[in-house]
Amino acid sequence: MKNQHVRKISFLVVAGIICAVGIGKPQVTLANQTASAPKVEIGQKFLAPELKLKENTYVLDYKISDVNGDELQDKVILVGTKEMIDGKLDAYASDLSIVVQDGKTQKYVKYDWFTKGTDGTWYGEFGREPNLIIGDYTGDKVDDIIITAPQGGNGGYVDHLVLAWEENRLKAVFADNQEVYTNSQANFSFKPPVSWNGHYKVNQYAGADADKILPSAKHVMKFDYTTKDGKEAETLLMISVFTKNDWTRLSSEEGPPVGSEIAEANGMVYVSTSPQSNPFDSQSEDGKLFDQLYGDLNIKKSFTLLKIK
């Protein structure tokens, strides 16, 4: 097995579960189940043509639990690709994915776990004998999915991924290395979704420079998605700060709105502006990822005003 992206992950304790969360690029696929469901058995190939899995995809672990909160049991299946080495299946599995079969609709939801290698390339996550843990990680009284992926070697490093069911899809909800943007001048912090890690850069402007971006703005922060080749950037989110008087005037003017108000404090109004459409081909890798990252954003939960000392 190639081991291009082994890395050390710190540990944390939440609700009695020692959990280190490594996170990479998510990719979610929904598909209808065929009339005859494939048999789920650990160590056997997982066959579901509608999910377009590789031929050498195997069931690595399997649990039954209500993970979408409808009080019906769902099938949670950890799958990955394995290769034959000297006539035996390798202990390592690559291209790890989590498949949930909805107990009510019998439809599949698939989440592909990606991680960024030291060379900057995205790889399907791998691990030696990875497994599933089911438990209420988020505290909403609905079971979440925790995947552990031991990396092998002498370091004993383990990558973890935590998924929760939100809006009919699986979403990564936490990473102990989750990034937080803080702007002490504008008095706010912003915690991007876990899935944004490694996919964006921040450009910030103040004073006259901010006014050039948005007239009357005192601060402007642009969170720009960077393409896989690193050659292009498109804005996922823009946060702007106006005086209350300026925002009241701008809000009353005719034409498209500047954005949506997030918060108001100390005579300043904080405004979010989102893209009106996907700037990339929706079928391209950048287009699919841009949609996913934008879909993961919940500005109200991610935005926090700082206390002025």
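Visitor: What share of the contacts with a separation of 6 or more comes from residues 24 or more positions apart?
Guide: In the protein chain, residues 24 or more positions apart account for 53% of the contacts with a separation of 6 or more, a contact being heavy atoms within 4.5 Å.

Visitor: What kind of model is this, and how are residues numbered?
Guide: It is a predicted model, in which local features need pLDDT of at least 70 and side-chain atom pairs count only at pLDDT 80 or more, while totals for chains, interfaces and linings use all residues. Residues are numbered from 1 along each chain as its sequence is written, and side-chain values use heavy atoms, with hydrogens and water left out.

Visitor: And what does the pLDDT average for the chain?
Guide: The protein chain averages a pLDDT of 83, with 82% of the residues scoring at least 70, where pLDDT is the predictor's confidence in each residue, from 0 to 100. Over residues 1-26 the pLDDT is below 50, although this stretch has 95 contacts in the model beyond near neighbours in sequence.

Visitor: How many helices and strands, and what percentage is buried?
Guide: The protein chain has 4 helices and 23 strands, taken as DSSP runs numbered from the N terminus (helices H or I, at least four residues; strands E, at least two). Of its 309 residues, 46% are buried, which is to say under 20% relative accessible area, whereas exposed is over 50% and partly exposed lies in between (1.4 Å probe, protein chains only).

Visitor: Switching to rings, how many aromatic pairs are there?
Guide: The count comes to 15 aromatic pairs, given that rings of Phe, Tyr and Trp (its six-membered ring) pair if their centres lie within 6.5 Å, with planes under 30 degrees apart counted as stacked, over 60 as edge-to-face and the rest as tilted. One of them is the tilted pair of Y92 and F126, at 5.9 Å centre to centre and 50° between the planes.

Visitor: Where do Y92 and F126 lie?
Guide: Y92 lies in strand β8 (residues 92-101) and F126 in the loop between β10 (122-124) and β11 (127-128), so the pair ties together parts that are 34 residues apart in sequence. Both Y92 and F126 are buried.

Visitor: What about F280 and F290, and why that class?
Guide: Their ring centres are 5.8 Å apart and the planes stand at 65°, so this pair is edge-to-face. F280 sits in the loop between β22 (268-273) and α3 (285-296), and F290 in helix α3, 10 residues apart. F280 counts as buried at 13% relative accessibility, and F290 is buried with a relative accessible area of 2%.

Visitor: Which residues do ring pairs link into a cluster?
Guide: The cluster consists of Y181, F188, F190, W196, Y200, F223, Y270 and F303. Of these names, Y270 returns in the contacts of S240, which touches L214, H219, V220, V269, Y270 and V271, not counting residues up to four places away in sequence.

Visitor: Is S240 buried or exposed, and where is it found?
Guide: S240 is found in strand β20 (residues 233-243), and at 0% relative accessibility S240 counts as buried.

Visitor: Now α2: which residues are buried there, and which are exposed?
Guide: In helix α2 (residues 244-252), D246, W247 and L250 are buried. Seen down the axis of α2, these buried residues fall within an arc of 95°, so they line one face of the helix; the arc is that of the directions from the helix axis to the C-beta atoms. N245 and S252, on the other side of α2, are exposed.

Visitor: What covers the buried residues of α2?
Guide: The cover includes β20, β21 (260-265) and β22.
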